[in-house]
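Subject: Structure for your review

Dear colleague,

Please find below the structure that I am handing over to you. My notes on what was found in it follow.

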Amino acid sequence: MLIIAYNFIKNNVVLLGENVKMSTTKGKNILIVDDDDDIAELISLILKKEKIDSLIVNNPLEVKNIINKEKFDLILLDIMMPELSGIELCAKIRDDVRCPI
């Protein structure tokens, strides 16, 4: 996931709630969907170092509401998540977004 984000585009992450963390700076915005908080945080920290905004969502069931409220330049999905697989989530949101998944 990280290589895709790193090559796609080149700001800071703030806790918004239990399952959502969002950047505070302007610029490109990447949505990271991963149930493993450690992996999502690592990706976010690396992106932050490269001045890339990110939003972390740990529950894939929340993604549909989030993408209806905010525009993203790239969405990174974990494939194996307990509630909904990344492949299933991709199929559900594909028609609602105009960015690479």
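Where does R98 lie? R98 is found in the segment after α4, the helix of residues 86-93. Please keep in mind throughout that this is a predicted model.

R98 counts as exposed because its relative accessibility is 83%, and the cut-off for that class is over 50%. The C-alpha atom of R98 is separated by 8.2 Å from that of D73, although the two residues are 25 apart along the chain.

The chain contains four helices and five strands, and along the sequence they follow the pattern α-β-β-β-α-β-α-β-α. Of the 101 residues in the chain, 43% are buried. The chain has an accessible surface of about 5900 Å², and carbon and sulfur atoms account for 56% of that surface.

I turn next to the charged pairs. Side chains of opposite charge can pair when their charged atoms come close. The structure holds two salt bridges. In one of them, the side chains of K64 and D96 meet at 2.1 Å, N to O. This pair links distant parts of the chain, since K64 belongs to helix α3 (residues 63-69) and D96 to the segment after α4, 32 residues apart. K64 is partly exposed, with 34% relative accessibility, and D96 is also partly exposed, at 37%.

D73, already mentioned for its separation from R98, forms a salt bridge with K71, in which the closest N and O atoms are 3.9 Å apart. Are D73 and K71 buried or exposed? D73 is buried because its relative accessible area is 17%, where buried means under 20%. K71, by contrast, is exposed at 66% relative accessibility.

Two further features deserve a note. On the surface, I79, M80 and I87 form a nonpolar patch, and together they have about 360 Å² of accessible area. I79 sits in the loop between β5 (74-77) and α4; with a relative accessible area of 46%, I79 is partly exposed.

The other feature concerns S54, which is located in strand β4 (residues 53-57). S54 counts as buried, as its relative accessibility is 0%. The side chains of S54 and S44 are joined by a polar contact of 2.9 Å.

With kind regards

Terms used:
Residues are numbered from 1 along each chain as its sequence is written. This is a predicted model: local features need pLDDT of at least 70, side-chain atom pairs count only at pLDDT 80 or more; totals for chains, interfaces and linings use all residues. Side-chain values use heavy atoms; hydrogens and water are left out. Helices (H or I, at least four residues) and strands (E, at least two) are DSSP runs, numbered from the N terminus. Buried means under 20% relative accessible area, exposed over 50%, partly exposed in between (1.4 Å probe, protein chains only). Patches are made of residues with over 30% relative accessible area and no salt bridge: like charges are joined within 9 Å, nonpolar side chains (Val, Leu, Ile, Met, Phe, Trp, Tyr) within 5 Å. Accessible areas come from the Shrake-Rupley method with a 1.4 Å probe; for residues, only the protein chains shown count as cover. A salt bridge is a side-chain nitrogen of Lys or Arg within 4 Å of a carboxyl oxygen of Asp or Glu. A polar contact is a pair of N or O atoms within 3.5 Å; within protein, one must be able to donate a hydrogen and the other to accept it, and residues adjacent in sequence count only if both atoms are side-chain atoms.
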